[in-house]
Structures are given as structure tokens and as C-alpha cells.
Amino acid sequence: MIAEHGLVTAWEDVIAPTLHAVGRKWATSGERYIEVEHLLSWHVSSALRRVRPVRERERERADVPPVLLACVPGEQHSLPIEALAAALCERGVPARMFGPALPADALHEAVRRLGPAAVVLWAQSRSTADRSLVRIVSGVHWGVKGARKRTSLLLAGPGWAGGAYPGTVRLHGLGSAVDVIVALSRG
């Protein structure tokens, strides 16, 4: 499905709805069937890691700063941001995926060292969305004095809903998130 229709279509039309249905089944059955959710998630994650750029000419270029993708501290649900990483790979956008529950200090250092085009922070729930982390990442600068740069901070996931986070962009859905990030990374 991914190879035939592309990752965004596969994710939005088949994978995400299936994951939501399995999650609803788990939630309404007295927490039975968790093994089904884990099995499905494992295979989806494996398929996402096999995604490659569609065209050879769109491969990552060393002179283009990467997009940094991370789940906020405490966030274990990483599949949606894994899908974003794969979709960016498919489009040839360099990305560095840090996975679930990245500590705030490690995120700060990664941003400072990599100088990314953008940072995407994933939060599945409001309990993991962290306003102080947004301030920390927004305040990271790099480069020589007089020419310091800052990153674009993008917030993804339902955990950020309802909050006001000045200086950030909220991402909604995989397709639109890819469009926003491609535009940012290509300047």
C-alpha cells in the first residue's frame, strides 16, 4: 500500500484509522487486546522504516539543515512522528528522529548542535505537552555572534490542542505537516 499510493495516503486512509479502531476496541473491552495494538504498531513501525525517497534526485543533501523530530519527555506514543519521519524521507527532506520521551536537556543540546531547519515536538496527550519545553526550545540559538539563528518550532499531536503557544506553528494531519515542513526546509 505504501509503495503503491505513497505514505501520506496510506497513513491517512488506512493505517491511522486502523490504529484508532484497535485503540477503541482496547479501551472498550476492559483493556483486552493490547497485544493486538502492540503487534500492529510494531509492523507499522517496521514498514515506516523501510520507506525511501521516491526519486534519486530528491535524496538528502548535506548542505540542507535537517528537521529534528522528537516526542516530548514522558511521551511514549511515537508512531505518528515515525510516520512523519518516513514521509519526509519519501520527499527527500533530511530529518533526525529522536523517538519517544527525549529528555529536555538532550533536546536542547541536539537543537544547539544540529541547527535544524525546524523542530517538531509530538505530544499525544495534554499531560505530556509541556509549555516550559516550548520556551526552552524557542530560546535555543546557534551560530556565531551577530549571525545567530533560531529554529522554527512546530507542535504536532492532540496534546497541544487548546493551548496558545506564541511563536510556534501547530501541525494538523500528516499531509499538511509534510507540506509545511517541506516549505520550511526549502526556504
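Is Ser-138 buried or exposed? With a relative accessibility of 18%, Ser-138 counts as buried, since buried means under 20% relative accessible area, exposed means over 50%, and partly exposed is in between (1.4 Å probe, protein chains only). Keep in mind that this is a predicted model, where local features need pLDDT of at least 70 and side-chain atom pairs count only at pLDDT 80 or more, while totals for chains, interfaces and linings use all residues. Residues are numbered from 1 along each chain as its sequence is written, and side-chain values use heavy atoms, with hydrogens and water left out.

Ser-138 sits in helix H6, residues 131–138. (Helices are DSSP runs of H or I with at least four residues, strands are runs of E with at least two, and both are numbered from the N terminus.) Setting aside neighbours within four places in sequence, Ser-138 is in contact (heavy atoms within 4.5 Å) with Arg-150 and Leu-153.

Now for His-108, which belongs to helix H5, residues 104–114. Beyond its neighbours within four places in sequence, His-108 makes contact with Ile-136 and Val-140. Its C-alpha atom is 36 Å from that of Glu-31, 77 residues apart along the chain.

Here is how some residues compare in accessibility:

| Residue | Relative accessible area | Class |
|---|---|---|
| His-108 | 27% | partly exposed |
| Val-169 | 39% | partly exposed |
| Trp-160 | 0% | buried |
| Tyr-165 | 14% | buried |

On to the inside. In soluble globular proteins, nonpolar side chains tend to be buried together. A nonpolar core is a set of buried Ala, Val, Leu, Ile, Met, Phe, Trp, Tyr and Cys residues joined through side-chain atoms within 4.5 Å. The largest one here has 34 residues, and Trp-11, Val-67 and Leu-88 are among those with the most contacts inside it. Several elements supply at least two residues each, including helix H2 (7–28), strand S1 (67–71) and helix H4 (79–90). H4 gives the most, with 8 residues. Leu-88 touches Val-67, Leu-69, Val-93, Ala-95, Val-178 and Ile-181, not counting residues up to four places away in sequence. A second, separate core has 20 residues, with Val-140 and Leu-153 among them.

What about aromatic rings? A search of the whole structure turns up 1 aromatic pair. The rings of Trp-160 and Tyr-165 have centres 5.1 Å apart and planes at 90 degrees, so the pair is edge-to-face. For the rule, rings of Phe, Tyr and Trp (its six-membered ring) pair if their centres lie within 6.5 Å; planes under 30 degrees apart count as stacked, over 60 as edge-to-face and the rest as tilted.
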